[in-house]
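Here is a short briefing to read alongside the model.

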Amino acid sequence: MTSILCLVDGEHYLPVTKSAIVSINDIEDFEVIGMVFIGGTEKLKTDNPQAYSEVMGFPVYFGEDENEIPYDLICKMIKKYSPDIVMDLSDEPVLDYSKRFKIACNVLSLGCIYEGPDFKFEPPTFDDILEKPSLKILGTGKRIGKTAVSTYTSRLIAKNQYNPCVVAMGRGGPEVPEIVHGDEFEITPEFLMEQSEKGVHAASDHWEDALMSRVLTIGCRRCGGGMSGEVFMTNMLEGAKIANKQDKDFLIFEGSGAAIPPIKTDKNIVLVGANQDIINITNFFGPYRIGLGDLIILTMCEGPLTPQVKIDEIIEFIHGIKPEVEIIPTVFRPKPLKSIKGKKVLFATTAPNAVKDKLVEYLEGVYECEIIGTTPYLSNRPLLKKDIGKYINDVDCMLTELKAAAVDVATKEAINAGLEVVYCDNIPIVIKGDYPNLDDAILNLVDSAISDFNDN
């Protein structure tokens, strides 16, 4: 039997609402178990909740203020009745789009379906199959640093003897989950070129994880991403089963874009791109993703991408959802995997032009090189080739992130021109201010994940 909790309002006459309730109960295997009154008084002839319940023939629950949407009451009733579906029988003017998305975030966070006349939102699927402590890294969008944080996290916990394995899914991932022993052999530009020439997407996230962190990684693929993070197709479940069999002690699952790894983990790190439109963080399914976080890392927290006032606004909003969660604002800075001291460098990146000068200043100051040219077009092959052509005769080193066209274009063009190729990681650095220590926060979360796993 499918149990239904209905949301009703006072903008419909009671007999009309009752007819809708009866029609739901007439559906085979559907049963209305209760109703939450969410506002509106135009056609409400009684303020007596008991009278409303008597007319409807089901328990009807009222919030304290008829002019406010009782979000907390809806959650309370979901916890009380454990319905399969929350059915929305309301409409404008009681609910607008923003209020409906807020209800959706609350409903989905409790593992329930939120449905109305022409919409249906379901919580993402999280398969409970892991045999080792774990965490997943997910984000509120694409190009906000999930892989960079994943490599940083796996490298940090490997250094602290946690013996990790990373499972990553990407839109260019392999048909069959692929193990890359980054912990056992050196991944060179020439090796990646060989893989690319075999038809492998050698700049896929799991190759980046293996190269940057020197840990065992398992690459998976996915297609599509729903509004709440569900994917249309992925082989990550098979990847998780492979991870269970590895001689590793801690598992990290890395999301892709705004898609969430479909695996139940002990803890979650959520990345919020502070440079995103604020509405995509505070509205739609941004709050749902944030609500999954046991640690929140803000990325892109620097001007001109993100002013401090916006960072403060985001932090205040997140604390309104999860008052006790640690929030750490960061910026990314490039870290070459080999020395580029004294080299004339062409730097290929996915970072926007707005921060180019800061990255150039950082590279030249910290690594004592000379940046002759830069290109932000790793994800645009024609423009990348055009930029490389401008500088390739004036440099002796190609410094590139391992993303998008880094292998099949940047590495290939550089090697053919006789240049040295050096890959670079992106390191999250906490901005100035009274914020938690990033390493301590990650290690504490890992310890907590291990504790939760052992308790269960």
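Strands here, like helices, are DSSP runs numbered from the N terminus (E, at least two residues, for strands; H or I, at least four, for helices). Please keep in mind that this is a predicted model, in which local features need pLDDT of at least 70 and side-chain atom pairs count only at pLDDT 80 or more, while totals for chains, interfaces and linings use all residues. Residues are numbered from 1 along each chain as its sequence is written, and side-chain values use heavy atoms, with hydrogens and water left out.

**Strand β12 and its partners**
- In a regular strand the side chains alternate between the two faces of the sheet.
- In β12, F250, I252 and E254 point one way and L251 and F253 the other way, and all are buried.
- β12 pairs in the parallel sense with β7 (residues 134–139) over four bridges; to count as paired, two strands need at least two DSSP bridges between them.

**The six-stranded sheet**
- Six strands form an open sheet with mixed pairing, in the order β3-β2-β1-β4-β5-β6.
- β3 (60–62) and β6 (119–121) stand at the edges with a single partner strand each, so one side of each has no neighbour in the sheet.
- Neighbouring strands of this sheet are turned by 20 degrees against each other on average, direction ignored.
- Strand β5 (residues 113–116) pairs with β6 in the antiparallel sense over three bridges, and the bridge partner of G116 in β6 is F119.

**Helices on the sheet**
- Helix α1 (residues 14–25) packs on the sheet, touching β1 (2–8), β2 (30–37) and β4, and its direction makes about 150 degrees with that of β2 (axes are lines fitted to C-alpha atoms, for helices over the stretch in contact, and angles run from 0 to 180 degrees between N-to-C directions).
- α4 packs on the sheet too, touching β1, β4, β5 and β6, with its direction at about 145 degrees to that of β5.

**A buried serine**
- S90 lies in the loop between β4 (85–88) and α4 (97–109).
- S90 is buried, with a relative accessible area of 6%.
- Leaving aside neighbours within four places in sequence, S90 is in contact with L7, D9, H12, I38, L95 and R100 (contact means heavy atoms within 4.5 Å).

Methods. Buried means under 20% relative accessible area, exposed over 50%, partly exposed in between (1.4 Å probe, protein chains only).
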